[in-house]
Every structure is written in C-alpha cells, then in structure tokens.
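Visitor: I've got a structure to go through and a few quick questions. Can we look at it together?
Guide: Go ahead, here it is.

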Amino acid sequence: MPRPIRVAASLILLRDGAHGMEVLLLRRAEKADDQNSGASVFPGGVVDAHDRRLHLMCKGLDDAAASARLGVPDGGLDYYAAAVRECFEEAGVLFASDAEDRLVELDRLLPSRLESMRHAAEQGTDALLAMCDAQGWRLAMDRLAYFSHWLTPPGMPRRFDTRFFIAQMPPGQAVKPDGRETVAHMWLKPAEAAHPRRGLKLMNVTRRTLEQLASFGSAADCIAHARSLTRIVLNMPRLADGPSGRRPVNIEEAAYEEIGRLDPDGQGHARYALEPGLVTQLSARVVRVAGAAESHHSYFVGGENGHWALIDPVPHGSVQGEALRAAAPGQVKWLLSTAAGTRASAAPLEGLRSAWPDAAVLWPEPGDTLRLGGATLHVRPADHGAPARQFLLAEEGTLFTGCAATPAAHGTCATGEAGWIAPASGFIFRKLG
C-alpha cells in the first residue's frame, strides 16, 4: 500500500556573520520512533488544517499570490503560515510586524511574558491568532522567499512534500529551541555545516540545501536569487543500492532516471553505480552487462522464443566477456556492433564466434531493419563524431548509441524520436525534448 504523503513547510533562517553568510540549524531531540532523531535541521513541520485561519493575520501576501508562486490551485498561503508558525514554536523566532510595519523585537519583552506567549501559541492556531491580535501584530509573509520544493523518496517510512522558504533573521530576537522537538541550535556557514568533518547528522535534503546555500556570499544575495526564480522544480530523490550501501540518489545524478524506470516504488533494488560485470534487466527485451571503468557496456536485445541479439560484445576471455557468457538470457543468434565496419570486414566480430558459435555476424547499413522476433531494430546513422551506426528498438523507443552520451549532452549521440537513450557507457536516460 502506498505510504501517505504529508505536506510540510520549512523556514531557512540566514544571517550575515563576520566571515560570511550563516544558516540556522536546530538539533532534533532523540526519539526512538523518529527516522531523523538527532539530526540537524531547519525549523519546520507539517502544514496543519488550521493554518488556513492564520490568513486573517497575514500581511504582504494573499492566498492567490502565494498559490501562484507555489504552483497550486489554492491554499498556497497555508505553507507560508505553517513555516512562520513552526519557526516560532521550534526556534522562538517570529516573523511579525507591528502597526508601523516594523518587525517585532521579541527581546524587548520580559522573558516570562515571551515564554507565556510562546506556550500559548503552541496550543494551537487560535491561540496564535489571539496573541497577534492582542499585540496588534500581523504575520510578515512578505519577508519570506520561496526557495525549493522536495518530496521524500518512495520507500521511506514517512514521506513529506515540503516547501522550503528563506528569510533573514529578524533583529531584536534570539533563537531559543523549545526543548522538546529541538534541543540545541547553531549558526554555521553552509559549507562548514555540510562538511563531513563537522560530524552533523544531516538528511539528504538538508545537506543538498546547505551545498546550494554555500554559493551565496550574503543573505541578501541568496534571498534576491530566490525571488528571481520563475520556476522551482520538484526534487524527489530515489533510493538505490551501490558500493556504499543504500542511499538517496538526487535528480542531477546520472543514475536518477534509470532508477525511476526500474524501481518506481522505491524498493531499493536499482543501482547507483555500474560495477564491472553487473547484469541489469532493463526491460523484458533488454539486458545490460556493465563494462569495466571507462569501457563500453554490452546489451542483449530480443527475448521472444529465447533468441537474442548482442550489441557491442567484447573479446572472449576478458572479464566482461566472461560476464557476458554467464549473463546470456537465452540463445544468442545475432552479433551487432555500433563500430565502423562492413560485411566485408567482419573480423572484429568474427573473432567472437568461439564464444557464440551459433550467432550470425551482421553489419547492417543505416536504413536497414532487423526483425529479431518480438523485437525490431531500426539501423540509424550516427551523428558526427559518433560510432558508425545506432540501433533503435522500435517497441520501446530505446536507442543504443554506441557512444558515451549523457543526459546533459544527449543531442551528441541521440537523435529523432527515441524515448530512452542507452549509451555505450553510463546509465540509460530519457531523451529530453
């Protein structure tokens, strides 16, 4: 059964320190049932159904504008309100303005009064409304800038659809963890916080956000950047296994799209690294055998009646060649190559006949069609500077390029209507555009 996804909001607080921009991190309390127990996090939490009532106390942004900014039909202001509320509850920092539109300075209040107000606000939205109304305050939503959008990977015990906002730490206030959800706080330069030597327990989203923040020299620059963004892309990592164990794979990593194709439910059986000899069933018609570092991969294509074509085999006796023999999903009937060659100069493939004695060596020309029984390969000319031929698996829209194409440079070796690109080295990926 799919795990429920809860909507959440988080507020990243920034300030300019003596040596550059700093970010606030809170340390979560140790809890046995919390997957993020003891982690260093930004203030934030689940959007409550009652957060919509806080619209009455919001200034500088209405629900229509907030919803348009977040790309939702309505209720966008709920996220802003939840971010402000959670920041006050967990860190004791409140984004509110007085009647003169000045940010309130909570440090001017008696500590006992401030603690009483904070305790009252933690009891619920109505209490926070009453508190702001009694003081003549309005929640200063115009001080928040929408920064990023993250969705917890499929397969995790709890999943959150979280909007991240950034704001500059208001003057006249001090961070005070609530002692229950959060037990300590620190101001650090983003790069320092993200560095392993600091030893902080960081969730993937926190670490990636810190790395992004590290490129800004000041809080004003970072906030200006966020306000200039016209489109914020959803980031949903995917879980995968590899040499360092299971971990989230982020959207910009080479393995991301292949993991989504092979393991959409997040069971974790896809891989983020292609170790030499690794066999991967890419579909019912395609099996890949990974080559050694810097070498090409080989692909079995076919499947019907147990008959397969082998694209770009490697010499018999090599480590990859032995892996190919062991991985063959059925009888290999055809040997194909993307490299330059003709029927008259078939020596490179003919040398593999000892490994595949029943296979026919084919050197088709661009424009030819190979019908393998349940799999149809169209032979296509390669782009300039690429190997001599490419093979398009018509039933799946997968193009075997024979070159080291990557998602960032797919146009180099991938043309036409192909939906998936299977490069000679690297993970398969979906063609863009």
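Visitor: By class, what residues make up the lining of the largest pocket?
Guide: This is a predicted model. The lining has 17 nonpolar, nine polar and 18 charged residues.

Visitor: What volume does the largest pocket have?
Guide: About 1,100 Å³.

Visitor: And which residues lie nearest its centre?
Guide: R28, N36, R158, F160 and M203, out of 44 residues that line the largest pocket.

Visitor: Which helices and strands each supply at least two residues of that lining?
Guide: Among them are the helices α2 (76–91) and α6 (204–213), and the strands β1 (5–17), β8 (145–151) and β9 (159–168).

Visitor: What about domains: how does the lining draw on them?
Guide: At least three lining residues come from domain 1 (6–235), and at least three from domain 2 (239–270).

Visitor: Switching to D78. Where is it found?
Guide: In helix α2.

Visitor: Is D78 buried or exposed?
Guide: D78 counts as buried because its relative accessible area is 9%, and the cut-off for buried is under 20%.

Visitor: What does its side chain make a polar contact with?
Guide: The side chain of R52, at 3.0 Å from that of D78.

Visitor: New topic, the open sheet of three strands. What's the order?
Guide: β5-β7-β6, with mixed pairing. The edge strands β5 (58–59) and β6 (96–97) each pair on one side only.

Visitor: How many bridges join β6 to β7?
Guide: Two, and these strands run antiparallel. S97 has R138 in β7 as its bridge partner.

Methods
Residues numbered from 1 in each chain as written. Predicted model: local features only at pLDDT ≥ 70, side-chain atom pairs only at ≥ 80, totals over all residues. Heavy atoms only, no water. Pairing = 2+ DSSP bridges. Helix = DSSP H or I, 4+ residues; strand = E, 2+ residues; numbered from the N terminus. 1 Å grid on protein atoms, 1.4 Å probe; cavity = no way out; pocket = protein on both sides within 12 Å on 5 of 7 lines; lining within 4 Å. Points joined across faces, edges and corners; volume = space filled by probe spheres on them. Nonpolar A, V, L, I, M, F, W, Y, C, P; charged D, E, K, R; others polar. Domains from an automatic or database assignment. Buried < 20%, exposed > 50% of the residue type's maximum accessible area, 1.4 Å probe, protein only. Polar contact = N/O pair within 3.5 Å; in protein donor to acceptor, adjacent residues only side chain to side chain.
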